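Here are my notes on the model you asked about, written as numbered points. Keep the structure open beside you and check each point as you read.

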Amino acid sequence: MKFRKIALFCASVFLPLPLSVSAQEASTLKAKPHVIVLGVNGMELDIIRPLILKGQMPNLASVIEKGAYGKLRTVSAPNCPRVYTTVFTSTDPDEHGVTGFVVGGITANTHMLKEEPIWSMLSKAGITVGMANVPATFPVMPVNGYMISGMLTRGKNCEDGVLCAPKLSEVMGGDAVYPRGLQSELLKNVGDFYIDCERMPSAADLKGHEAAVIDQWLARVQLIREQQTKLFDYLLTERPTDFTFLAQSCEDRTGHWLYPITPFNVGYNPNINGVRQDAFPNQYIAFDKVLGTVLKHVDAHTYLLILSDHGIKPLREFEEKDPHAHMDHEKTTPVIAKHDFADGDDVPGSFFVMGPGIKNDFRLMGLGASVYDIAPTILHIYGLEQPKQMRGHVLTEIFGATDNRVAMHK
Ligand SMILES: [Zn+2]
């Protein structure tokens with residue numbers, strides 16, 4: 001395996017600070033910036049804009065007013081593990097090694113990482129790191145804080161870890177919690193929770209019982225979201241860290257099969273797609289409440305960054321010759337929207353950021369910002385220089401010229 005010259009952060013060996021921060025500089029960085037990143041898989045601007053207009057996402061609207069936002073150019077054929085790992089490393093999928101859900105016949109996992117992820121860099125710089133439910137972080141890796149895995153965690157009834165949901169107590173094939181002692185604390189204080197979102201129902205399950213299966217599935221999704229909210233609130237209250245990265249994935253999962261399409265769209269089935277037209281928008285209204293919980297932990301000194309790895313759009317037949325393009329989970333499950341189009345620019349992600357020195361009510365036009373820019377921008381906030389392998393750039397456009405409180409490095 002090609003393992004670059006990187007030394008990943010290892011709990012048993014506290015490595016010296018990286019070259020970009022001298023000991024003197026480090027000592028002046030006593031009060032480290034507080035950064036919370038909230039990942040929303042596949043957040044689709046086409047769906048959330050009308051909700052913001054209608055006042056149904058008041059928390060996100062307040063972040064927009066206080067901060068900067070824009071589209072986030074993604075990689076080609078985007079999916080969560082592929083893009084999140086680019087977010088972590090600011091490198092191409094072929095470089096970081098997590099090219100998709102399955103790589104070389106094996107479910108993507110952290111052992112495949114060939115580039116150093118940002119949580120390792122921050123940990124080495126003495127910044128405390130907390131991560132929960134972030135895709136492609138299983139098995140968890142040691143950090144200067146805690147890590148709870150997310151999408152691609154394997155477990156009971158979810159043996160391959162692909163788009164399914166083991167509970168914390170059902171995890172198999174690796175650790176879902178670092179440090180191990182945190183697991184019992186979570187089970188005691190948060191309860192047993194689903195680590196990822198629910199698997200989509202199969203065509204066979206749906207047939208003849210569409211409305212009931214849809215409602216049952218949406219109820220499960222809401223339960224998972226409530227558990228996640230409780231987890232996030234617990235961690236932000238009881239385990240505060242300088243850098244916290246939280247993520248959720250039920251919005252995207254819902255969009256794949258319940259996107260509000262019309263009869264003119266590919267794959268329209270009135271028995272499924274005519275039942276709960278508001279199911280997908282409702283996910284974002286529910287997300288806004290999660291955001292409300294996170295915002296309770298955000299003060300004037302906190303940077304809050306909400307980001308999505310890609311959007312999601314109804315199927316376009318010309319993209320595929322495959323007549324089964326509208327099936328997933330090995331052709332068992334009907335999907336009517338997706339994001340792994342060859343041209344990633346068709347499904348950009350998005351970002352919303354507020355915090356000290358960030359411009360107010362600022363919209364970044366076009367696709368100038370990309371998923372590659374997230375890690376360099378976070379390093380910049382901590383006064384750390386971006387390593388050479390990173391392909392992105394610091395999003396300097398979002399910082400105000402005069403009251404930029406971010407450490408500027410030569
Ligand atoms: Zn998806």
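1. Start with the contacts, where contact means heavy atoms within 4.5 Å. Of the contacts in the chain with a separation of 6 or more, 74% come from residues 24 or more positions apart. Keep in mind that this is a predicted model, where local features need pLDDT of at least 70, side-chain atom pairs count only at pLDDT 80 or more, and totals for chains, interfaces and linings use all residues. Residues are numbered from 1 along each chain as its sequence is written, and side-chain values use heavy atoms, with hydrogens and water left out.

2. Next, the parts list. The chain has 13 helices and 15 strands; helices (H or I, at least four residues) and strands (E, at least two) are DSSP runs, numbered from the N terminus. Of its 410 residues, 59% are buried. Buried means under 20% relative accessible area, exposed over 50%, and partly exposed in between, with a 1.4 Å probe and protein chains only.

3. Now find the sheet. Nine strands form an open sheet with mixed pairing, in the order β7-β6-β5-β8-β1-β9-β14-β2-β15. At the edges sit β7 (177-178) and β15 (362-364), each pairing on one side only. Two strands count as paired if DSSP finds at least two bridges between them.

4. Which strands does β1 pair with in the parallel sense over six bridges? One is β8, and another is β9 (residues 302-308). Then look at β5 (residues 129-133), which runs parallel to β8 and is joined to it by four bridges. There, G130 stands opposite T244.

5. Helix α9 (residues 210-238) packs on it and touches β1, β5, β6 (145-150) and β8. The direction of α9 makes about 175° with that of β8; axes are lines fitted to C-alpha atoms, for helices over the stretch in contact, and angles run from 0 to 180 degrees between N-to-C directions.

6. For a helix pair, go to α2 (residues 45-53) and α12 (residues 279-295). Their axes come within 10 Å and cross at roughly 65°. The contact involves I47, I48 and L51 from α2, with F280, P281, Y284 and I285 from α12. How do these residues divide? Seven are nonpolar, none polar and none charged. For that count, Ala, Val, Leu, Ile, Met, Phe, Trp, Tyr, Cys and Pro are nonpolar, Asp, Glu, Lys and Arg are charged, and the others, Gly among them, are polar.

7. The zinc ion has D252 (OD), H256 (NE2) and H339 (NE2) as its protein donors, 1.9 to 2.1 Å away. Donors are N, O and S atoms within 2.8 Å of the metal (3.2 Å for Na, K and Ca), and water is not among the atoms, so sites may look incomplete. Along the chain the donors follow the spacing D-x3-H-x82-H. D252 and H256 share helix α10 (residues 250-258), four residues apart, or about one turn of the helix. Both of these residues are buried.

8. Most residues other than glycine have a negative phi, and most peptide bonds are trans. A cis peptide bond links F138 to P139, with omega about -10°, and P139 is in the loop between β5 and β6. Another cis bond joins Y178 and P179, with omega about -10°. For positive phi, check L163, near 55°, and D361, about 45°; neither is a glycine. Are they buried or exposed? L163 is buried, with a relative accessible area of 10%, whereas D361 is exposed at 57%.
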